[in-house]
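Please look over the sequence and the structure shown below before reading on. The report that follows takes up one topic at a time.

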Amino acid sequence: MGKRYVSVWFCHLLADWQAIRHPELQDIPFVLVMADHGRIIVTAVSQQAQKQGVEAGMRAADAKAICPGLQVINEKPGRALKLLQALGEWFIRYTPTVAVDEFSSEGLIMEVSGCPHLWGGEREYLQDIKTHLKAKGYTVRLAIADTIGAAWAVSRFGKVTPLISPGTHTEALLSLPPEALRIEKSTVAKLQKLGFYQIKSFIGMPRSVLRRRFGESFLTRLAQALGTQNEAMCPITVPLDFQERLPCLEPIKTRKGIEMGINKLLECLCLSLEKDGKGLRTGVLTCYRVDGKIIKVDIGTNAPTHSVSHLFKLFELKIDQIRPALGIELFILAATKVEDLVAPQEVLWDGNPGLNDRSVIRLLDKVAGKVGAHVIHRYLPDTRYWPERSVKDAGSISEKASTPWRTDKPRPTELLRHPEPIEVMALIPDHPPKFFVYKAVRHQVVKADGPERIEREWWLDVGEHRDYYQVEDQYGQRYWLFRSGHYFNEQPQWYIHGFFA
Amino acid sequence: MQYKTMEGKKELIEKLQKDILLWQGYKPQESCTAERIGLGIMETAFPNGVFPTRGIHEFITAIPEHSAASDGFISALLAILMKNGAGCVWISTSRKLFPASLRTFNVDPERIIFMDVSKEQDVLWIMEEALKCDGFCAVVAEITSLNLTESRRLQLAVEKNGVTGFILRKDLRKAVSNIATARWRISPLPSYNEDEMPGIGFPRWNIELLKVRNGNPGSWELEWAGDRFVVIDQEIKKDSSYYAEQRQIG
């Protein structure tokens, strides 16, 4: 599948932002200005001001003359980039790869391959972005295409449709002006001087001719827009609050070295966690190797913690997975999931053993780290009669039972995972069997209790109900048997389902 | 006068016996803090008459019926051990214990953490780690065999923290050479109903204490009477076997 890119152009990025911050500016024309070589130059224009003919690049005095009542606000340099960075982080909800458009600093580039179908299609995807941003107060133009260059061009200069379907970006570019190729102003002027007002008028020319007249960078931009040359993106990453880096002067190759590295990182990380009253739930250690490979190991805990020794023990179990090869030059330890940590009252805790004890949590972490979290189970009663479903897995170590455990009906100490068929001899209908044969051993039934009918949960599965009997054989061994279905079926099948103590 | 010297001698002998236990490496539990486990007359079999909580108790379970009986007996012991709010770990490779049944033995099933692993080594590793936890009062492990080294490691962990270890050992054929504090075999016995009532009575077991360090092995018949253990008198036992023959179903 080919890649798809969306270009987002904030037409009045800074002006919109000012209007959001100062609602009183909403209906007044205003401009943002900055001093440049001793002159005051307009850098951003609000929608109202633009309607009256004010443009970016004008002198502030001229703008005031054209548009009476114009508000002039001083702009801080670098604000646009900061704003785009923040908006880019917000955009991560739409796609994991978002980058600031470095050419114009007025928009964002997103790689959306495989994302739009989650919103119901590309049209809905763009519509969703547009409405969300409109609600925030930003006016945007969007375009989706196969290359960054084409998406950029269509978002700014396109007049037909923002949806450039796969493979048709070249045609879409043909009628656009040369500025759409993200080239320098001087080159644009040169092209216009030569009468090239549309891309189609020079796209067919030999490359050597174009290179001689407009330079290599022009060709690169053209190739990027057409998709014949790759364009790299520098995606925005959401910074983690708790992350530590450890660059190594010499590549680390030994186990001892890795251990020391982890310890050092943990000390810093735990200190910052402790300051914020947080505890780690999941952590990732990323090792950057000299040969360019990246190794990741992760740990998880059952309860938030910021204890260096405990976390180190969890990482210690994973050190074997780290293969240093030629050496590791950078360690990054990040707490990907943190939770508020309630400071325990040490004295009270020590006297009361129980599942809340820290030693228990540590054991569970260790087991989850070494064997896997799937082996740990804790059961709570479920309000269901079907024996296999009468207990449910507890979600956490502190989850309480919502209903009490039932003791009114006999339940076997050992329950077979799957009932096993047995041969029986039952004389009277709806009575326990006289004897039964299980694993080639014949058991004479001496005493019995029952039946207890348990209806199948018909809304979940289909089948017969079960009539359970508690029986004791001649040696005093106690079993839980059941007959599947009614007796008047010709051959009701009997099963053994458990052993009583 | 004569009487007094007799008393003095008895005390002296008791003290000497305790000293011998100490020299043999057995650490006595202070009888004032050690709680009775509720086994009644059976407790005389243990050293100093106190159930050794700082020890590994091994249960031999060859057939599922025996393991169910052992599960029941252990659960009943757990109920007493867990009275102070402590938790318990149950480690197994093929667990059949049904948590919903534990309430019959007064155990809160939600205070037991089950670990269902696939390898025997993991069972032993988890058991050793769990024995070091203060939050637990007991650790139960189902394994097929336990050798000398493994049992010694477990015993060391038990002595350090005082968490009781229970082992359900399935394998009978392997040579038994481990240093478990006590070795038990629990087999079910026919239950007994008063007044010839139909149905099945309280669970009843034949408890064989095959080995106990510094104690006296023996065999008892025990009933779990809903909330406590009852050691069965031989007289009643005769009656019960009589009734068992007489009773018909229906």
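## Chain A as a whole

Accessible areas in this report come from the Shrake-Rupley method with a 1.4 Å probe. On that basis, the accessible surface of chain A comes to about 26,500 Å², and 53% of this surface belongs to carbon and sulfur atoms. The structure is a predicted model, and its values should be read with that in mind.

Chain A has 501 residues, of which 46% count as buried. Its secondary structure consists of 14 helices and 20 strands.

## A sheet with strands from both chains

Strands of a sheet pair through backbone hydrogen bonds, and they do so either parallel or antiparallel. Here, ten strands form an open sheet with mixed pairing, and their order is E12(A)-E3(B)-E2(B)-E4(B)-E5(B)-E1(B)-E6(B)-E7(B)-E8(B)-E9(B). The edges are taken by strand E12 (376–377) of chain A and strand E9 (229–231) of chain B, each of which pairs on one side only.

Within this sheet, strand E4 of chain B, residues 136–143, is mostly covered, since eight of its eight residues are buried under the cut-off of 20% relative accessible area. Strand E2 of chain B (residues 87–92) runs parallel to E4(B) and is joined to it by five bridges, with B:Gly87 standing opposite B:Phe136 in E4(B). Strand E5 of chain B (residues 164–169) also runs parallel to E4(B), and six bridges join the two; B:Ala141 has B:Ile167 in E5(B) as its bridge partner. Together with helix H4 (residues 148–161) of chain B, E4(B) and E5(B) make a right-handed β-α-β unit.

E2(B) is also joined to strand E3 of chain B (residues 112–116), again by five bridges and in a parallel arrangement. In that pairing, B:Trp90 has B:Phe114 in E3(B) as its bridge partner.

## Salt bridges

Side chains of opposite charge can pair when their charged atoms come close. Over all chains, the structure holds 35 salt bridges, and a few of them are described here. What are the closest N and O atoms of B:Asp116 and B:Arg95 apart by? The distance is 2.9 Å, and the two residues form a salt bridge. B:Asp116 lies in strand E3 of chain B, whereas B:Arg95 lies in the loop between E2 and E3 of chain B, so the pair ties together parts that are 21 residues apart in sequence. Both B:Asp116 and B:Arg95 are buried.

In chain A, the side chains of A:Arg478 and A:Glu472 meet in a salt bridge with an N to O distance of 3.1 Å. A:Arg478 is buried because its relative accessible area is 2%, and A:Glu472 is likewise buried because its relative accessible area is 1%.

A:Met425, A:Leu427 and A:Ile428 make a nonpolar surface patch of about 270 Å². A:Met425 belongs to strand E15 of chain A, which covers residues 414–425. Is A:Met425 buried or partly exposed? A:Met425 is partly exposed, because its relative accessible area is 30%.

## Two loop residues with positive phi

A:His37 has a positive phi, near 50°, and is found in the loop between strand E2 (30–36) and strand E3 (39–45) of chain A. With a relative accessible area of 74%, A:His37 is exposed.

A:Ala440 also has a positive phi, in this case near 65°. The loop that holds A:Ala440 lies between strand E16 (435–438) and strand E17 (441–454) of chain A. Which relative accessible area does A:Ala440 have? The value is 77%, and A:Ala440 is therefore exposed.

Methods:
Residues are numbered from 1 along each chain as its sequence is written. Chains are lettered from A and ligands numbered from 1 in the order in which they are written. This is a predicted model: local features need pLDDT of at least 70, side-chain atom pairs count only at pLDDT 80 or more; totals for chains, interfaces and linings use all residues. Side-chain values use heavy atoms; hydrogens and water are left out. Patches are made of residues with over 30% relative accessible area and no salt bridge: like charges are joined within 9 Å, nonpolar side chains (Val, Leu, Ile, Met, Phe, Trp, Tyr) within 5 Å. A salt bridge is a side-chain nitrogen of Lys or Arg within 4 Å of a carboxyl oxygen of Asp or Glu. Helices (H or I, at least four residues) and strands (E, at least two) are DSSP runs, numbered from the N terminus. Buried means under 20% relative accessible area, exposed over 50%, partly exposed in between (1.4 Å probe, protein chains only). Two strands pair if DSSP finds at least two bridges between them. A crossover is right-handed if, with the strands pointing away from the viewer, the path from the first strand over the helix to the second runs clockwise.
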